[in-house]
Amino acid sequence: MLEMNWSDKWRLGLHLMPPTGWLNDPNGLCQFQGVYHVFFQYSPDNPEGGSKCWGHYTSTDLLEWQYAGIALSPEDEFDRNGVYSGSALVSEGVMHLFYTGNVKLEGDYNYITDGRQSNTVLSSSEDGLNFDGKKCLMTNDDYPDHLTCHIRDPKVVTGKSIGIEDDNYYMFLGARTKDDRGEVLVYKSPDLESWEHTNILTGEKRFGYMWECPDAFMLGEKKILSVSPQGVETRGIDYQNVYQSGYFELDGSFDGEYRLKNFREWDRGFDFYAPQTFLDEQGRRLLIGWIGMPDDQEQCNPTVNDGWQNALTVPREVFLKDEKVMQYPAEELLSLRKEEQILEPGKTSDKMQYYDIEITMLEDTDLTLVISDGITLCYSRSDKMFTITFLQEQNLGYGRKSRAVYLDECRSVRILADTTCLEVYLNGGEEVFTTRFYTEDGMSSFRAEKGDMEIKYWVMEPMKVKL
(Lines give C-alpha, C1' and ligand atoms only; values in the text may rest on other atoms or scores of the structure.)
Protein backbone atom coordinates (compact mmCIF):
# COMPACT_ATOMS: atom_id res chain seq x y z
CA MET A 1 0.00 0.00 0.00
CA LEU A 2 1.06 3.58 -0.57
CA GLU A 3 2.38 5.39 2.50
CA MET A 4 0.42 8.30 3.91
CA ASN A 5 2.04 11.72 3.91
CA TRP A 6 0.97 13.30 7.18
CA SER A 7 2.50 16.66 6.25
CA ASP A 8 0.42 16.93 3.06
CA LYS A 9 -0.81 20.56 2.88
CA TRP A 10 -3.95 19.51 0.95
CA ARG A 11 -5.26 16.82 3.29
CA LEU A 12 -8.84 17.57 4.28
CA GLY A 13 -10.07 18.37 7.78
CA LEU A 14 -13.88 18.50 7.39
CA HIS A 15 -14.36 15.74 4.80
CA LEU A 16 -13.64 12.03 4.78
CA MET A 17 -10.93 11.11 2.29
CA PRO A 18 -8.98 7.95 1.48
CA PRO A 19 -6.06 7.08 3.78
CA THR A 20 -4.14 6.53 0.54
CA GLY A 21 -5.07 5.88 -3.06
CA TRP A 22 -8.42 6.44 -4.76
CA LEU A 23 -11.91 6.91 -3.30
CA ASN A 24 -15.21 7.11 -5.18
CA ASP A 25 -18.87 6.23 -4.47
CA PRO A 26 -20.17 6.18 -0.88
CA ASN A 27 -21.65 2.75 -0.14
CA GLY A 28 -23.52 0.97 2.64
CA LEU A 29 -24.50 4.14 4.52
CA CYS A 30 -26.35 3.32 7.75
CA GLN A 31 -26.51 3.74 11.49
CA PHE A 32 -26.23 0.41 13.26
CA GLN A 33 -26.41 -0.07 17.03
CA GLY A 34 -25.76 3.64 17.51
CA VAL A 35 -22.75 3.75 15.19
CA TYR A 36 -22.65 5.49 11.81
CA HIS A 37 -21.07 3.42 9.03
CA VAL A 38 -19.70 4.90 5.82
CA PHE A 39 -18.33 2.43 3.31
CA PHE A 40 -16.79 3.65 0.07
CA GLN A 41 -15.34 2.45 -3.22
CA TYR A 42 -11.62 2.17 -2.64
CA SER A 43 -8.40 1.46 -4.54
CA PRO A 44 -5.76 1.89 -1.80
CA ASP A 45 -2.71 1.34 -4.01
CA ASN A 46 -3.51 3.63 -6.93
CA PRO A 47 -4.63 7.29 -6.68
CA GLU A 48 -5.99 7.07 -10.23
CA GLY A 49 -8.24 4.07 -9.56
CA GLY A 50 -8.02 0.34 -10.10
CA SER A 51 -9.66 -2.81 -8.77
CA LYS A 52 -12.31 -1.75 -6.25
CA CYS A 53 -12.90 -2.92 -2.69
CA TRP A 54 -14.98 -1.30 0.08
CA GLY A 55 -13.16 0.90 2.58
CA HIS A 56 -14.93 1.58 5.89
CA TYR A 57 -15.23 4.47 8.36
CA THR A 58 -17.25 4.45 11.60
CA SER A 59 -18.38 7.20 13.98
CA THR A 60 -20.72 7.65 16.92
CA ASP A 61 -21.23 11.38 16.34
CA LEU A 62 -20.31 12.26 12.70
CA LEU A 63 -17.31 14.20 14.07
CA GLU A 64 -14.79 11.62 15.29
CA TRP A 65 -14.13 8.86 12.78
CA GLN A 66 -12.29 5.58 12.90
CA TYR A 67 -10.96 3.95 9.76
CA ALA A 68 -12.04 0.34 10.11
CA GLY A 69 -10.05 -1.08 7.21
CA ILE A 70 -11.22 -2.89 4.10
CA ALA A 71 -14.63 -4.47 4.67
CA LEU A 72 -15.17 -6.26 1.36
CA SER A 73 -12.60 -7.23 -1.25
CA PRO A 74 -12.76 -9.05 -4.62
CA GLU A 75 -11.83 -12.56 -3.51
CA ASP A 76 -14.56 -14.69 -5.09
CA GLU A 77 -15.22 -15.83 -8.64
CA PHE A 78 -18.41 -13.72 -8.80
CA ASP A 79 -16.64 -10.44 -7.84
CA ARG A 80 -13.09 -11.10 -8.98
CA ASN A 81 -12.74 -7.81 -10.89
CA GLY A 82 -14.18 -5.53 -8.24
CA VAL A 83 -16.58 -5.08 -5.35
CA TYR A 84 -18.74 -2.39 -6.95
CA SER A 85 -21.25 -0.05 -5.34
CA GLY A 86 -24.24 -0.96 -3.24
CA SER A 87 -26.11 -0.29 -0.02
CA ALA A 88 -26.83 -1.41 3.55
CA LEU A 89 -30.06 -2.54 5.14
CA VAL A 90 -30.33 -2.97 8.90
CA SER A 91 -32.99 -5.55 9.80
CA GLU A 92 -33.63 -7.54 12.98
CA GLY A 93 -30.26 -6.68 14.50
CA VAL A 94 -28.21 -7.56 11.42
CA MET A 95 -26.44 -5.30 8.90
CA HIS A 96 -26.87 -6.59 5.36
CA LEU A 97 -24.57 -5.25 2.63
CA PHE A 98 -25.63 -5.57 -1.00
CA TYR A 99 -23.23 -4.84 -3.84
CA THR A 100 -22.42 -5.61 -7.48
CA GLY A 101 -19.73 -8.20 -8.07
CA ASN A 102 -17.92 -7.17 -11.25
CA VAL A 103 -16.43 -9.78 -13.58
CA LYS A 104 -14.71 -8.97 -16.89
CA LEU A 105 -14.09 -11.99 -19.06
CA GLU A 106 -10.85 -12.24 -21.01
CA GLY A 107 -11.32 -12.01 -24.75
CA ASP A 108 -12.42 -9.78 -27.59
CA TYR A 109 -15.47 -8.15 -25.95
CA ASN A 110 -16.94 -4.64 -25.88
CA TYR A 111 -17.89 -5.11 -22.17
CA ILE A 112 -21.22 -3.39 -22.77
CA THR A 113 -23.32 -6.05 -24.49
CA ASP A 114 -20.92 -8.92 -23.82
CA GLY A 115 -17.90 -9.92 -21.77
CA ARG A 116 -19.09 -8.56 -18.43
CA GLN A 117 -20.93 -10.17 -15.52
CA SER A 118 -22.83 -7.99 -13.05
CA ASN A 119 -23.65 -10.14 -10.04
CA THR A 120 -25.79 -8.99 -7.12
CA VAL A 121 -24.15 -10.14 -3.89
CA LEU A 122 -25.06 -10.13 -0.17
CA SER A 123 -22.79 -10.13 2.87
CA SER A 124 -24.04 -9.73 6.47
CA SER A 125 -22.70 -8.74 9.88
CA GLU A 126 -23.94 -8.88 13.45
CA ASP A 127 -21.42 -6.32 14.72
CA GLY A 128 -20.87 -4.05 11.70
CA LEU A 129 -17.18 -4.95 11.52
CA ASN A 130 -16.95 -8.63 10.66
CA PHE A 131 -18.80 -9.87 7.60
CA ASP A 132 -20.04 -13.38 6.90
CA GLY A 133 -19.42 -15.27 3.69
CA LYS A 134 -20.86 -13.72 0.55
CA LYS A 135 -23.95 -15.01 -1.25
CA CYS A 136 -24.43 -14.41 -4.97
CA LEU A 137 -28.13 -13.62 -5.24
CA MET A 138 -28.55 -12.79 -8.94
CA THR A 139 -26.52 -12.97 -12.14
CA ASN A 140 -27.10 -11.53 -15.62
CA ASP A 141 -29.39 -14.50 -16.35
CA ASP A 142 -31.82 -13.13 -13.75
CA TYR A 143 -32.18 -9.69 -15.38
CA PRO A 144 -34.53 -8.80 -18.27
CA ASP A 145 -33.34 -9.70 -21.79
CA HIS A 146 -33.51 -6.15 -23.15
CA LEU A 147 -30.56 -4.99 -21.04
CA THR A 148 -26.85 -4.75 -21.66
CA CYS A 149 -24.37 -6.21 -19.19
CA HIS A 150 -24.45 -2.93 -17.23
CA ILE A 151 -26.74 -3.63 -14.25
CA ARG A 152 -25.39 -2.50 -10.91
CA ASP A 153 -25.53 -0.61 -7.59
CA PRO A 154 -28.32 -2.36 -5.62
CA LYS A 155 -30.23 -0.19 -3.14
CA VAL A 156 -32.40 -2.25 -0.76
CA VAL A 157 -35.20 -0.78 1.39
CA THR A 158 -38.34 -1.95 3.16
CA GLY A 159 -41.67 -1.60 1.40
CA LYS A 160 -43.08 0.59 4.15
CA SER A 161 -40.21 3.09 3.74
CA ILE A 162 -41.34 3.80 0.17
CA GLY A 163 -45.09 3.80 0.72
CA ILE A 164 -45.81 0.14 -0.08
CA GLU A 165 -47.91 -1.47 2.63
CA ASP A 166 -46.49 -4.97 2.66
CA ASP A 167 -43.73 -6.85 4.47
CA ASN A 168 -41.46 -7.28 1.46
CA TYR A 169 -38.07 -5.79 0.85
CA TYR A 170 -37.42 -3.88 -2.38
CA MET A 171 -34.25 -3.67 -4.44
CA PHE A 172 -33.46 -0.98 -7.01
CA LEU A 173 -30.78 -1.68 -9.64
CA GLY A 174 -29.38 0.81 -12.14
CA ALA A 175 -29.38 -0.41 -15.75
CA ARG A 176 -28.54 0.33 -19.38
CA THR A 177 -30.72 -1.07 -22.17
CA LYS A 178 -29.48 -2.40 -25.51
CA ASP A 179 -30.90 0.71 -27.19
CA ASP A 180 -28.92 2.94 -24.76
CA ARG A 181 -31.64 4.05 -22.41
CA GLY A 182 -31.18 4.41 -18.67
CA GLU A 183 -33.63 2.78 -16.29
CA VAL A 184 -34.03 1.30 -12.82
CA LEU A 185 -35.09 -2.30 -12.18
CA VAL A 186 -37.31 -3.02 -9.17
CA TYR A 187 -37.23 -6.39 -7.39
CA LYS A 188 -39.00 -7.58 -4.26
CA SER A 189 -38.22 -10.27 -1.72
CA PRO A 190 -39.75 -11.66 1.49
CA ASP A 191 -36.39 -12.76 2.88
CA LEU A 192 -33.55 -10.71 1.30
CA GLU A 193 -32.31 -13.74 -0.65
CA SER A 194 -34.96 -14.75 -3.21
CA TRP A 195 -35.82 -11.83 -5.50
CA GLU A 196 -38.66 -11.35 -8.00
CA HIS A 197 -38.56 -8.73 -10.75
CA THR A 198 -41.66 -6.52 -10.43
CA ASN A 199 -41.17 -3.19 -12.25
CA ILE A 200 -39.02 -0.96 -14.42
CA LEU A 201 -38.70 2.77 -13.71
CA THR A 202 -37.74 5.10 -16.55
CA GLY A 203 -38.73 8.43 -18.04
CA GLU A 204 -41.29 8.98 -20.76
CA LYS A 205 -38.42 10.24 -22.92
CA ARG A 206 -34.87 8.92 -23.06
CA PHE A 207 -32.71 10.61 -20.42
CA GLY A 208 -29.18 9.30 -20.74
CA TYR A 209 -27.95 5.81 -21.60
CA MET A 210 -27.27 4.52 -18.06
CA TRP A 211 -28.79 5.24 -14.65
CA GLU A 212 -26.29 4.50 -11.87
CA CYS A 213 -26.58 4.51 -8.08
CA PRO A 214 -30.38 4.42 -7.66
CA ASP A 215 -31.99 5.38 -4.35
CA ALA A 216 -35.65 5.43 -3.34
CA PHE A 217 -37.22 7.08 -0.30
CA MET A 218 -39.98 9.35 0.91
CA LEU A 219 -39.86 12.91 2.20
CA GLY A 220 -43.20 13.57 3.81
CA GLU A 221 -45.67 12.45 1.15
CA LYS A 222 -43.20 12.93 -1.72
CA LYS A 223 -41.77 9.80 -3.30
CA ILE A 224 -38.20 10.36 -4.48
CA LEU A 225 -36.18 8.35 -7.01
CA SER A 226 -32.55 9.45 -7.04
CA VAL A 227 -30.27 8.38 -9.91
CA SER A 228 -26.94 9.30 -11.46
CA PRO A 229 -27.59 9.31 -15.22
CA GLN A 230 -24.79 9.06 -17.76
CA GLY A 231 -25.11 10.41 -21.29
CA VAL A 232 -27.36 13.41 -20.63
CA GLU A 233 -26.65 16.29 -22.97
CA THR A 234 -25.88 19.75 -21.60
CA ARG A 235 -28.83 22.17 -21.76
CA GLY A 236 -27.75 25.74 -21.16
CA ILE A 237 -26.50 25.95 -17.58
CA ASP A 238 -28.04 22.55 -16.73
CA TYR A 239 -26.25 19.17 -16.88
CA GLN A 240 -22.82 20.76 -17.26
CA ASN A 241 -20.84 17.86 -15.79
CA VAL A 242 -19.72 14.77 -17.67
CA TYR A 243 -22.29 12.76 -15.68
CA GLN A 244 -25.20 14.01 -13.57
CA SER A 245 -26.79 13.25 -10.21
CA GLY A 246 -30.34 14.19 -9.36
CA TYR A 247 -33.79 13.02 -8.44
CA PHE A 248 -37.28 12.61 -9.83
CA GLU A 249 -40.49 12.94 -7.92
CA LEU A 250 -42.55 9.81 -8.52
CA ASP A 251 -46.33 9.90 -8.87
CA GLY A 252 -47.93 6.51 -8.30
CA SER A 253 -46.18 3.46 -6.88
CA PHE A 254 -42.60 2.22 -7.06
CA ASP A 255 -44.09 -1.24 -7.52
CA GLY A 256 -46.86 -0.43 -10.02
CA GLU A 257 -48.15 2.38 -12.23
CA TYR A 258 -46.09 5.54 -11.96
CA ARG A 259 -44.88 8.71 -13.63
CA LEU A 260 -41.50 10.36 -13.11
CA LYS A 261 -41.43 14.14 -13.10
CA ASN A 262 -39.24 17.16 -12.39
CA PHE A 263 -35.67 15.84 -12.57
CA ARG A 264 -33.51 18.16 -10.48
CA GLU A 265 -29.78 18.08 -9.94
CA TRP A 266 -28.71 17.45 -6.37
CA ASP A 267 -25.65 19.66 -6.69
CA ARG A 268 -24.66 22.27 -9.28
CA GLY A 269 -20.91 22.15 -8.64
CA PHE A 270 -18.02 20.60 -10.54
CA ASP A 271 -17.37 17.74 -8.13
CA PHE A 272 -20.41 15.74 -7.10
CA TYR A 273 -21.61 12.28 -8.11
CA ALA A 274 -23.18 9.02 -6.90
CA PRO A 275 -24.97 10.28 -3.75
CA GLN A 276 -26.72 7.89 -1.39
CA THR A 277 -29.08 8.54 1.52
CA PHE A 278 -30.08 6.71 4.68
CA LEU A 279 -32.38 7.23 7.63
CA ASP A 280 -30.53 7.55 10.93
CA GLU A 281 -31.83 6.63 14.39
CA GLN A 282 -33.00 10.22 14.93
CA GLY A 283 -35.25 9.90 11.89
CA ARG A 284 -33.14 12.20 9.72
CA ARG A 285 -32.65 11.52 6.02
CA LEU A 286 -28.88 12.02 5.55
CA LEU A 287 -27.14 12.26 2.18
CA ILE A 288 -23.46 11.77 1.38
CA GLY A 289 -22.04 12.18 -2.13
CA TRP A 290 -18.73 11.58 -3.84
CA ILE A 291 -16.67 14.74 -4.29
CA GLY A 292 -15.36 13.68 -7.66
CA MET A 293 -16.33 13.21 -11.28
CA PRO A 294 -15.48 10.15 -13.37
CA ASP A 295 -14.14 10.40 -16.92
CA ASP A 296 -13.66 14.18 -16.84
CA GLN A 297 -10.82 15.08 -19.20
CA GLU A 298 -10.93 18.83 -18.51
CA GLN A 299 -10.39 19.05 -14.77
CA CYS A 300 -7.96 17.24 -12.48
CA ASN A 301 -6.81 16.93 -8.87
CA PRO A 302 -3.10 17.54 -8.19
CA THR A 303 -3.31 15.43 -5.00
CA VAL A 304 -2.61 12.45 -7.29
CA ASN A 305 1.03 13.46 -6.96
CA ASP A 306 0.68 13.04 -3.18
CA GLY A 307 -0.75 9.55 -3.49
CA TRP A 308 -4.48 10.15 -3.00
CA GLN A 309 -7.56 11.50 -4.77
CA ASN A 310 -11.18 12.45 -4.02
CA ALA A 311 -13.33 12.74 -0.89
CA LEU A 312 -16.89 12.52 0.43
CA THR A 313 -19.24 15.41 1.17
CA VAL A 314 -20.17 16.22 4.72
CA PRO A 315 -23.36 14.45 5.80
CA ARG A 316 -26.30 16.58 4.63
CA GLU A 317 -29.78 16.43 6.05
CA VAL A 318 -32.40 16.21 3.29
CA PHE A 319 -35.78 17.68 4.20
CA LEU A 320 -38.84 19.45 2.84
CA LYS A 321 -39.47 23.15 3.27
CA ASP A 322 -42.43 24.77 1.53
CA GLU A 323 -42.66 21.58 -0.57
CA LYS A 324 -39.08 22.07 -1.80
CA VAL A 325 -36.41 19.39 -1.34
CA MET A 326 -33.61 20.99 0.66
CA GLN A 327 -30.09 19.93 1.76
CA TYR A 328 -28.07 21.34 4.64
CA PRO A 329 -25.02 20.20 6.62
CA ALA A 330 -25.85 17.97 9.58
CA GLU A 331 -26.11 20.09 12.70
CA GLU A 332 -23.27 18.20 14.40
CA LEU A 333 -20.77 20.22 12.36
CA LEU A 334 -21.74 23.37 14.25
CA SER A 335 -19.80 22.06 17.26
CA LEU A 336 -16.56 22.37 15.26
CA ARG A 337 -16.95 26.14 15.10
CA LYS A 338 -14.65 28.34 17.18
CA GLU A 339 -15.50 31.91 18.20
CA GLU A 340 -17.87 33.80 15.91
CA GLN A 341 -16.30 36.63 13.93
CA ILE A 342 -17.76 39.43 11.82
CA LEU A 343 -16.26 40.56 8.51
CA GLU A 344 -17.08 43.97 7.15
CA PRO A 345 -17.90 44.11 3.42
CA GLY A 346 -14.81 45.09 1.45
CA LYS A 347 -12.42 43.70 4.06
CA THR A 348 -10.39 40.54 3.50
CA SER A 349 -10.29 37.77 6.09
CA ASP A 350 -7.14 36.14 7.38
CA LYS A 351 -5.98 33.02 5.57
CA MET A 352 -7.44 29.86 7.09
CA GLN A 353 -7.54 26.10 6.46
CA TYR A 354 -11.05 25.30 7.67
CA TYR A 355 -13.85 27.81 8.09
CA ASP A 356 -17.61 28.25 7.92
CA ILE A 357 -19.22 31.42 6.49
CA GLU A 358 -22.84 32.54 6.87
CA ILE A 359 -23.94 35.48 4.73
CA THR A 360 -27.36 37.04 5.26
CA MET A 361 -28.53 39.50 2.62
CA LEU A 362 -30.01 42.63 4.23
CA GLU A 363 -31.42 43.94 0.96
CA ASP A 364 -32.32 42.34 -2.36
CA THR A 365 -29.05 43.31 -4.09
CA ASP A 366 -26.40 41.80 -6.32
CA LEU A 367 -23.72 39.82 -4.51
CA THR A 368 -20.03 39.23 -5.23
CA LEU A 369 -17.78 37.19 -2.95
CA VAL A 370 -14.15 36.46 -3.83
CA ILE A 371 -12.11 33.56 -2.43
CA SER A 372 -8.31 33.83 -2.53
CA ASP A 373 -8.45 36.23 -5.48
CA GLY A 374 -9.18 33.24 -7.71
CA ILE A 375 -12.84 32.24 -7.29
CA THR A 376 -15.87 34.51 -7.58
CA LEU A 377 -19.33 33.71 -6.27
CA CYS A 378 -21.84 36.11 -7.81
CA TYR A 379 -25.58 36.64 -7.73
CA SER A 380 -27.17 38.84 -10.40
CA ARG A 381 -30.65 40.17 -9.61
CA SER A 382 -31.31 41.09 -13.23
CA ASP A 383 -30.40 37.63 -14.56
CA LYS A 384 -31.66 35.81 -11.43
CA MET A 385 -28.55 33.68 -11.63
CA PHE A 386 -25.95 32.54 -9.10
CA THR A 387 -22.55 31.70 -10.60
CA ILE A 388 -19.27 30.24 -9.34
CA THR A 389 -16.34 31.12 -11.60
CA PHE A 390 -12.66 30.23 -11.43
CA LEU A 391 -10.36 32.98 -12.68
CA GLN A 392 -8.16 31.02 -15.06
CA GLU A 393 -5.04 33.11 -14.57
CA GLN A 394 -4.93 32.03 -10.90
CA ASN A 395 -5.44 28.31 -11.76
CA LEU A 396 -7.04 27.39 -8.43
CA GLY A 397 -9.48 25.15 -10.30
CA TYR A 398 -7.11 22.95 -12.31
CA GLY A 399 -9.40 23.02 -15.32
CA ARG A 400 -12.63 23.97 -13.56
CA LYS A 401 -14.26 27.05 -15.08
CA SER A 402 -17.85 28.06 -14.27
CA ARG A 403 -21.15 26.64 -12.99
CA ALA A 404 -24.46 28.43 -12.42
CA VAL A 405 -28.08 28.05 -11.35
CA TYR A 406 -31.20 30.16 -11.73
CA LEU A 407 -32.42 31.56 -8.40
CA ASP A 408 -35.40 33.85 -7.93
CA GLU A 409 -33.68 35.58 -5.04
CA CYS A 410 -30.55 35.13 -2.97
CA ARG A 411 -31.38 35.51 0.72
CA SER A 412 -28.47 33.67 2.28
CA VAL A 413 -25.24 31.87 1.47
CA ARG A 414 -23.39 29.36 3.64
CA ILE A 415 -19.93 28.16 2.67
CA LEU A 416 -18.05 25.27 4.27
CA ALA A 417 -14.42 25.75 3.27
CA ASP A 418 -11.85 22.98 3.71
CA THR A 419 -8.23 23.00 2.54
CA THR A 420 -9.21 22.00 -1.01
CA CYS A 421 -13.01 21.84 -1.01
CA LEU A 422 -15.95 24.25 -0.96
CA GLU A 423 -19.56 23.33 -0.25
CA VAL A 424 -21.87 26.28 -0.96
CA TYR A 425 -25.50 26.27 0.26
CA LEU A 426 -27.93 28.88 -1.04
CA ASN A 427 -31.12 29.95 0.75
CA GLY A 428 -30.78 27.33 3.46
CA GLY A 429 -30.10 24.48 1.05
CA GLU A 430 -32.40 25.30 -1.86
CA GLU A 431 -29.38 24.89 -4.18
CA VAL A 432 -25.89 23.51 -3.50
CA PHE A 433 -22.50 23.71 -5.23
CA THR A 434 -19.56 21.43 -4.38
CA THR A 435 -16.12 22.01 -5.86
CA ARG A 436 -12.45 21.32 -5.31
CA PHE A 437 -9.91 24.16 -5.39
CA TYR A 438 -6.20 24.25 -4.75
CA THR A 439 -4.27 27.14 -3.24
CA GLU A 440 -0.51 26.87 -3.01
CA ASP A 441 -0.44 26.36 0.76
CA GLY A 442 -3.87 24.84 1.44
CA MET A 443 -5.02 28.09 3.05
CA SER A 444 -7.61 30.52 1.71
CA SER A 445 -9.23 33.87 2.48
CA PHE A 446 -12.38 35.66 1.37
CA ARG A 447 -13.92 39.09 0.98
CA ALA A 448 -17.26 40.53 -0.11
CA GLU A 449 -16.94 43.04 -2.93
CA LYS A 450 -20.59 43.78 -3.64
CA GLY A 451 -23.89 43.50 -1.77
CA ASP A 452 -25.73 44.70 1.30
CA MET A 453 -25.09 41.85 3.72
CA GLU A 454 -24.08 40.63 7.15
CA ILE A 455 -21.08 38.26 7.17
CA LYS A 456 -20.39 35.95 10.08
CA TYR A 457 -17.67 33.33 10.00
CA TRP A 458 -15.99 30.78 12.22
CA VAL A 459 -12.60 29.13 12.05
CA MET A 460 -13.33 25.40 12.32
CA GLU A 461 -11.68 22.62 14.27
CA PRO A 462 -10.95 19.68 11.97
CA MET A 463 -12.69 16.37 12.52
CA LYS A 464 -10.75 13.71 14.38
CA VAL A 465 -9.92 10.75 12.17
CA LYS A 466 -8.01 7.72 13.46
CA LEU A 467 -6.31 5.61 10.82
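In the predicted model, residue Q66 has K466 as its bridge partner in strand β34. This pair belongs to the contact between β34 and strand β4, which spans residues 64-72. The two strands run parallel and are joined by three bridges. In general, the strands of a sheet pair through backbone hydrogen bonds, in either a parallel or an antiparallel manner.

Both strands form part of an open sheet of six strands, arranged in the order β19-β1-β2-β3-β4-β34. Pairing within this sheet is mixed. Its edges are formed by β19 (308-309) and β34 (464-466), each of which pairs on one side only.

Seven cavities of 30 Å³ or more are present, and the largest cavity holds about 60 Å³. Its lining consists of L14, H15, L16, L62, W65, I288, L312, T313, V314, P315 and M463. Nine of these lining residues are nonpolar and two are polar, while none is charged.

A further site of interest is Y398, located in the loop that connects β27 (385-390) with β28 (402-406). Y398 is classed as partly exposed because its relative accessibility is 25%, a value that falls between the limits of 20% for buried and 50% for exposed residues. When residues up to four places away in sequence are not counted, Y398 touches W10, E298, Q299, C300, P302 and Y438. The C-alpha atoms of Y398 and R436 are 8.9 Å apart in space, although the two residues are 38 residues apart in sequence.

Technical notes
Residues numbered from 1 in each chain as written. Predicted model: local features only at pLDDT ≥ 70, side-chain atom pairs only at ≥ 80, totals over all residues. Heavy atoms only, no water. 1 Å grid on protein atoms, 1.4 Å probe; cavity = no way out; pocket = protein on both sides within 12 Å on 5 of 7 lines; lining within 4 Å. Points joined across faces, edges and corners; volume = space filled by probe spheres on them. Nonpolar A, V, L, I, M, F, W, Y, C, P; charged D, E, K, R; others polar. Helix = DSSP H or I, 4+ residues; strand = E, 2+ residues; numbered from the N terminus. Buried < 20%, exposed > 50% of the residue type's maximum accessible area, 1.4 Å probe, protein only. Contact = heavy atoms within 4.5 Å. Pairing = 2+ DSSP bridges.
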